[in-house]
Amino acid sequence: MGITRRAALQTMLAAGATAAGTRPADAAVLPAPPADAVGLLYDATLCIGCKTCTVACRDANGLEPDTAGSPDRLYNAPLDLSARAKTVIKLYADGPVRSYVKAQCMHCVDPACASACMLGALKKRQFGIVTYDPDLCIGCRYCEVGCPFGVPKFEFAKAAPRIVKCELCKERLASGKEPACTEVCPRKAVIYGTRTELLQEAKRRLAESPGRYVPKVYGETDGGGTQVLYLSHVPFEKLGLPALGDEPAPQLARSIQHAVYRGFAAPAALYAVLGLVMMRNRRSAGAAAPQGGADDDAR
Amino acid sequence: MTTRAEPIGGPLVTPATRGLAVLFGLAALTILWRLVAGLGATTALNDGYPLGLWIAFDVVTGAALATGGYVIGILVYILNKGRYHDLLRPALLTSALGYTLAGIGVTLDVGRWWAIWKVPVYFWNWNFNSALLEVALCIMAYVVVLWLRLAPALLQPATRGGNERLRRAAARFTSLVERATIPMVALGLLLATMHQSSLGTLMLLAGSRLHPLWRTPLLPLLFLISCVAMGFAVVVFESVLSSVAFRKRPELDMLASLAGIIAPLQLVFVVLRLGDLWWRGSLGLLFAGGGRSAVAAIEFAVFLAPVVMLASPSSRRDLGALFRAAMVMMFAGALYRFDTYLVAFMPGAQWSYFPSVAELTITTGLVAFEVLAYIVIVKTFPILAAEPRVERQAA
């Protein structure tokens with residue numbers, strides 16, 4: 001009897017403990033990008049910071065001006081990605097070392113935002129683009145907690161808010177055009193293509209001018225890989241691209257969920273054990289303790 | 001259920017209930033404002049800190065403080081300690097109220113609150129990778145289970161009422177619910193185990209943006225253990241308060257033996273947490289200085305304090321000491337949750353968050369409503385045990 005009860009408690013604690021002991025068994029296997037994956041390649045050494053891409057993005061996506069960085073509210077001047085800015089150009093400057101950097105959704109191979117999203121409002125859909133369906137969004141903002149790049153933004157200013165992020169101009173792609181930002185870039189600092197092509201191009205540039213770049217394509221494997229790739233002459237962390245390792249950002253939380261809830265076996269077992277223990281308790285209590293549990297003292 | 005519970009009786013309108021109603025009224029107006037004007041106009045939430053007071057307190061801490069039903073359920077039904085049965089109904093009531101308020105808190109917090117019904121309904125879109133989905137579904141189901149478990153108590157006046165049809169319907173429903181006790185209690189315990197641990201899993205998704213003093217795969221286990229301790233503390237707290245407020249004799253024997261269970265739980269938590277920090281090589285961060293080290297140190301202090309306060313058997317039989325230790329325990333669990341959700345979260349130096357007046361008003365008003373509903377319900381319905389049974393005293 002005591003053993004059964006102990007078993008029940010042990011099973012309950014096991015829910016947490018299994019989680020604790022779990023190291024992702026499949027962590028070594030990187031998730032593969034979808035076969036039709038497209039993306040961007042941004043080369044910080046080519047960008048002149050003209051911000052034409054941000055204007056074209058605003059135009060293509062019908063975004064209202066973001067005047068946060070303009071004290072008199074006269075200019076469109078977003079301070080960072082925001083609910084009114086799906087891409088921004090930022091400047092890193094340390095003495096003579098300078099670099100621009102373009103920020104937008106990275107379209108992760110294994111996105112944390114999509115892993116967080118309860119009903120799949122944010123989800124990798126055609127071409128591996130992480131797209132947003134407001135009909136499936138309740139505005140919980142858990143995607144903002146998950147994204148290691150701080151990309152999804154929420155329309156806090158509105159009573160009927162949505163999540164705002166780059167969707168790689170999916171409507172333009174559908175009509176055979178390329179994304180607005182790459183179309184207008186005068187220096188081809190940001191280009192559009194399939195992820196395979198872009199990765200090849202990036203590696204070609206690294207091989208051709210080895211002294212010019214940090215010898216790495218950011219996004220090839222970082223955070224499980226992204227469909228937007230970066231080349232830079234300054235360390236990537238300086239450009240706001242965090243050192244994430246190769247494990248996908250949502251891997252740890254997900255492996256715990258999966259370990260505990262695989263096939264719903266552990267919860268079903270716990271339910272059965274709890275039920276059985278209660279039935280035994282009730283039988284042993286008999287008619288003497290009709291309130292549902294026998295008193296230890298009474299037995 | 002033949003526990004001799006009975007309504008406390010007495011006037012419902014007192015200075016205390018009037019004050020609580022005013023607080024709730026203020027919150028209700030603020031809630032209207034939030035629904036019309038949106039989150040940006042009313043809260044301090046932002047894209048760096050998308051989760052704030054309502055999630056950290058109303059939902060995460062509120063649900064953990066509402067585990068009284070869970071822990072007394074384990075004692076009575078699983079560990080077969082029938083002598084705690086008198087504590088079950090009041091614990092279920094605080095649980096049902098606490099979880100209901102957590103549900104209201106979530107509804108106010110989500111930006112697209114009118115679409116929240118889609119979460120349980122659109123099952124073909126469920127994303128099983130999302131710990132939040134599991135928490136949401138579990139809590140929704142748990143609220144239903146808790147109110148069903150209370151239904152016999154809440155329907156008792158109807159079963160004795162004058163209306164024949166109502167009386168028969170109430171009696172039939174009560175017997176239905178009572179016959180389903182075992183499957184329902186098992187479901188309740190399962191749901192609570194699942195979502196209380198998953199509330200810890202939730203913040204693991206923040207990855208490197210969660211400070212290493214709190215980032216551990218043990219989060220679900222630590223959340224589960226600490227919520228059990230909080231549940232015990234709330235039962236002690238609520239029992240002592242009720243005995244004073246309603247001039248009942250306190251269930252001192254039960255409370256003293258409950259206190260004996262709590263202390264080891266707090267110790268297990270501290271040992272696991274310290275061991276985990278050491279294992280991951282983050283123990284040094286406790287002494288690294290700075291705000292987060294200090295907060296983590298305070299956490300350890302308040303988790304250990306009740307162990308010391310309740311060390312001697314005589315202190316466990318001292319109503320004042322019990323009450324103070326229970327308060328510290330509730331504070332410890334709450335602090336751990338606030339830390340994990342807000343203090344440990346590092347979205348970047350450009351972001352900051354401190355709850356707005358509207359957020360504080362709504363949270364205060366919801367807590368006031370919970371206390372008010374508790375008072376009204378125990379005065380009207382048979383929740384609290386009549387008086388400690390004489391034979392127990394003799395035993």
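At what angle do helix 4 (residues 68–78) of chain B and helix 10 (residues 219–245) of chain B pack, and how far apart are their axes? This tour returns to that pair after a word on conventions.

The model is predicted: local features need pLDDT of at least 70, side-chain atom pairs count only at pLDDT 80 or more, and totals for chains, interfaces and linings use all residues. Residues are numbered from 1 along each chain as its sequence is written, while chains are lettered from A and ligands numbered from 1 in the order in which they are written. Helices (H or I, at least four residues) and strands (E, at least two) are DSSP runs, numbered from the N terminus.

**First stop: two helices of chain B**

Select helix 4 and helix 10 of chain B. They pack at an angle of about 95 degrees, with their axes 7 Å apart. Axes are lines fitted to C-alpha atoms, for helices over the stretch in contact, and angles run from 0 to 180 degrees between N-to-C directions. Helix 4 and helix 10 of chain B are therefore roughly perpendicular (65 to 115 degrees). Residues in contact have C-beta atoms, placed from the backbone, within 7 Å. Helix 4 of chain B contributes G68(B), Y70(B), V71(B) and I72(B); among the residues from helix 10 of chain B are V228(B), F232(B) and E238(B).

**Second stop: helix 3 of chain B**

Next, select residues 53–65 of chain B, which form helix 3. A straight helix of 13 residues would span 18 Å at 1.5 Å a residue, yet helix 3 of chain B spans only 15 Å between its end C-alpha atoms. Of its 13 residues, 13 are buried (20 or more other C-beta atoms within 10 Å of the residue's own, C-beta atoms being placed from the backbone), so helix 3 of chain B is largely enclosed by the rest of the structure.

Turn to chain A and select strand 2 (residues 88–94) and strand 3 (residues 97–103), which run antiparallel and are joined by seven bridges. Two strands pair if DSSP finds at least two bridges between them. A93(A) has R98(A) as its bridge partner in strand 3 of chain A. Between the strands of this hairpin lie two residues, and G95(A) takes a positive phi near 65 degrees.

**Last stop: where the chains meet**

Finally, display both chains. Their contact takes 62 residues from chain A and 64 residues from chain B. Helix 9 of chain A gives the most to the side of chain A that touches chain B, with nine residues.

How values were computed. Two residues are in contact if their C-beta atoms, placed from the backbone, lie within 7 Å. The expected span of a helix is 1.5 Å times one less than its number of residues. A residue is buried if 20 or more other C-beta atoms lie within 10 Å of its own, exposed if 12 or fewer, and partly exposed in between; C-beta atoms are placed from the backbone. Angles under 35 degrees count as roughly parallel, over 145 as roughly antiparallel, 65 to 115 as roughly perpendicular and the rest as oblique.
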